[in-house]
Amino acid sequence: MRYAETGFNLEIDLTRGNIERVATDPRETELYLGGLGTNAKILWDRVPPEVEAFDPENLLIFAAGLLCGTPAIGCNRTIVSTISPQTKLMAFSMMGGFWAPELKLAGYDKVIFRGRSPNLVYLWIHNDKIELRDASHLQGKGGIEAGELIRQELNEPRAQVAAIGLAGENRVYFASIEQGHSSASRGGIGAVMGDKGLKAIAVRGTGDIYIAQPEAFIDLCNEVLEYIKVREENPIPGVMPILAGLGSPQEMKIHDEKWHTESFMWGNSRHRRRDFWTEEVEEAWTETMETAQTRLISCYNCPLKCAATISMPGLPTYMMKCFSKLTYTMAAMSDLDFGLRIAQLATEYGVDAFSTPQVMAFALELYEDGILTGKDMPELPDQGEERFFWLLERIVRREGIGDILANGTYWAAKEIGKGAEAYAHNTIKKHEQLPLKLSMLNPIYFLMYSTGEKINITQIEGQFPQMPFPTREEREEFVKDWIQVPDDKFKQYFLDWELRGDYSFPYYPTVQMCCEIVDWQEKMHYIDDALGMCAGLSSFPLKPPYHIHNYPKLISTGAGIDMDEAKLTQAAKRYRTLVRAINIRRGMRRKDDKPPENHWKKRFPELEKELLDTYYDFKGWNSEGVPTEESLKELGLDFVSEDFIQRGILEPSKEKTQQ
């Protein structure tokens with residue numbers, strides 16, 4: 001008997017309309033855990049580097065994490081993986097809500113799509129009844145609207161629906177997949193879904209999930225729940241309000257946006273407004289948010305309320321969470337009322353709320369500087385807010401200049417030319433990043449930005465504080481109950497860290513310490529993405545309820561896999577390395593491992609080189625960032641090294657040469 005997972009995937013050939021229920025190998029789960037881990041193994045095995053994002057041979061994988069559907073608190077993430085049209089690398093994006101647990105209860109761990117449907121379709125999964133249904137009547141419908149229409153059509157109000165909007169149908173490179181109050185947004189996975197002629201996936205499950213040791217597992221879950229209550233009653237002092245508690249950044253519940261609005265860059269990531277957050281602004285924004293917000297809501301099996309339903313006058317109600325509340329506002333140099341209004345339309349169209357505002361701000365900056373003209377943007381409105389609505393419509397429909405902008409700033413700048421490349425200044429691995437720019441090099445963030453392959457900084461950072469606390473006394477108080485550290489040395493690193501002087505940025509934490517801190521933070525995110533855990537309860541916040549010490553117990557008692565901290569660390573390293581290997585095979589090298597050039601005003605080239613060299617060595621990669629034959633063998637990834645040698649990516653070892 002399989003525990004926690006069902007042991008079955010659905011394989012859907014959209015070209016032929018063929019549906020298969022395929023049993024999976026439990027040994028793969030032990031090696032790669034599930035979710036992102038087994039997704040990576042499938043992509044490595046079945047999608048060679050010659051396959052492009054919009055080739056029928058590309059796969060689109062929807063996976064429920066290993067512990068999704070169990071009583072594990074907050075474990076509800078769907079991990080969607082494919083090849084990105086924007087980065088041309090592996091894309092993996094997570095969405096919360098209820099979809100993944102529903103898939104598990106229907107009897108499946110993953111749905112794997114290949115091919116391309118000749119007509120627009122949606123997939124209906126109702127336990128062991130699976131069918132591809134015509135979706136021509138849903139063409140052009142919004143992602144949320146399509147979900148509601150499908151539930152009505154099926155007469156299944158409790159069905160969970162993941163759908164694309166017009167942006168996905170038109171293969172916009174930053175199209176998202178919308179699902180209730182959550183979305184899978186990064187990497188253009190919605191565009192791949194649209195290319196495959198797939199409008200939506202609806203699922204309803206009424207089965208059960210088996211637990212290996214139910215009593216012990218429930219005890220662990222209750223411990224987590226009790227800890228969540230304690231943390232919520234005792235927020236971390238001295239950090240920004242949205243990070244003082246647990247969950248995804250609590251921007252629906254907490255209205256204090258002083259840090260974001262004064263630290264992040266407005267417009268096309270150019271302007272820092274240090275004195276923006278006045279009492280008048282705070283009062284106006286709070287009133288806007290409290291008027292628009294009808295209620296706070298949670299994901300499956302979670303006591304925290306990170307999302308909210310938003311009702312703007314004259315617009316349909318929609319659901320929002322996290323930083324997208326601010327992205328349109330800051331790009332347009334406008335106010336929160338505008339941001340909440342345009343976000344409703346953008347959600348229905350199905351676009352990434354991080355990238356889209358930056359693409360539009362980029363276009364307007366080109367227009368203001370004469371690189372784009374009235375011929376490129378005819379009938380462009382005079383007002384800033386209306387310009388953003390105008391651009392959004394053209395991007396999602398790929399009309400006129402929108403057809404170029406729909407490929408994101410990196411590719412659009414190359415096509416526009418005339419110096420436009422200098423305006424696409426905020427990209428990493430050909431993808432837009434958050435518009436945060438600071439003065440002094442932050443060596444920890446340098447490594448996370450450079451080597452991270454999730455293309456979203458909030459999916460890299462986390463358990464180690466972003467900055468030192470002002471006094472030694474505050475730091476000593478913080479470390480007293482810091483049980484989440486994998487080793488007590490991290491407590492000392494933090495205790496010695498100061499705002500100024502010899503133990504401050506950029507030379508402290510030391511290079512070696514930075515490597516260890518980044519590796520720890522990354523490891524926790526990758527574990528979450530295999531288990532299906534919300535990062536807001538594990539890898540993202542300070543002092544979370546899930547950590548490296550209790551995760552092995554949850555896996556052992558829940559999934560019946562003999563697990564300890566060392567084995568879990570090795571498993572996470574294995575599939576993290578496999579993600580790296582997929583991207584290396586697709587051409588990624590050291591030249592791609594770098595943050596935007598103007599991310600920090602004060603840079604230290606020699607230190608940055610040392611950081612990258614040391615981190616590569618720490619991870620078992622060579623000077624080009626390619627995992628070495630020795631490190632691959634240690635992880636049981638011999639098949640990767642053999643492929644690399646055959647392709648000339650790695651030189652064969654002396655032993656193999658002699659043979």
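Six strands make up an open sheet in the order 2-1-6-3-4-5, with mixed pairing. Strands, like helices, are DSSP runs numbered from the N terminus (E, at least two residues, for strands; H or I, at least four, for helices). Two strands count as paired if DSSP finds at least two bridges between them. Strand 2 (18-23) and strand 5 (90-95) are the edge strands, and each pairs on one side only. On average, neighbouring strands of this sheet are turned by 15° against each other, direction ignored. Axes are lines fitted to C-alpha atoms, for helices over the stretch in contact, and angles run from 0 to 180 degrees between N-to-C directions.

The model is predicted: local features need pLDDT of at least 70, side-chain atom pairs count only at pLDDT 80 or more, and totals for chains, interfaces and linings use all residues. Residues are numbered from 1 along each chain as its sequence is written, and side-chain values use heavy atoms, without hydrogens and water.

Strand 3 (residues 60-64) and strand 6 (residues 110-114) run antiparallel, joined by four bridges. Leu60 stands opposite Phe113 in strand 6. Helix 3 (residues 99-106) packs on this sheet and touches strand 3, strand 4 (78-83) and strand 6. Contact means heavy atoms within 4.5 Å.

An open sheet of three strands has the order 15-16-17 and antiparallel pairing. Strand 15 (293-297) and strand 17 (318-321) each have a single partner strand, so one side of each lacks a neighbour in the sheet. Four bridges link strand 16 (residues 307-310) to strand 17. Thr309 faces Met319 in strand 17. Helix 10 (residues 279-292) lies across strand 15 and strand 16. Helix 12 (residues 336-349) lies across strand 16 and strand 17.
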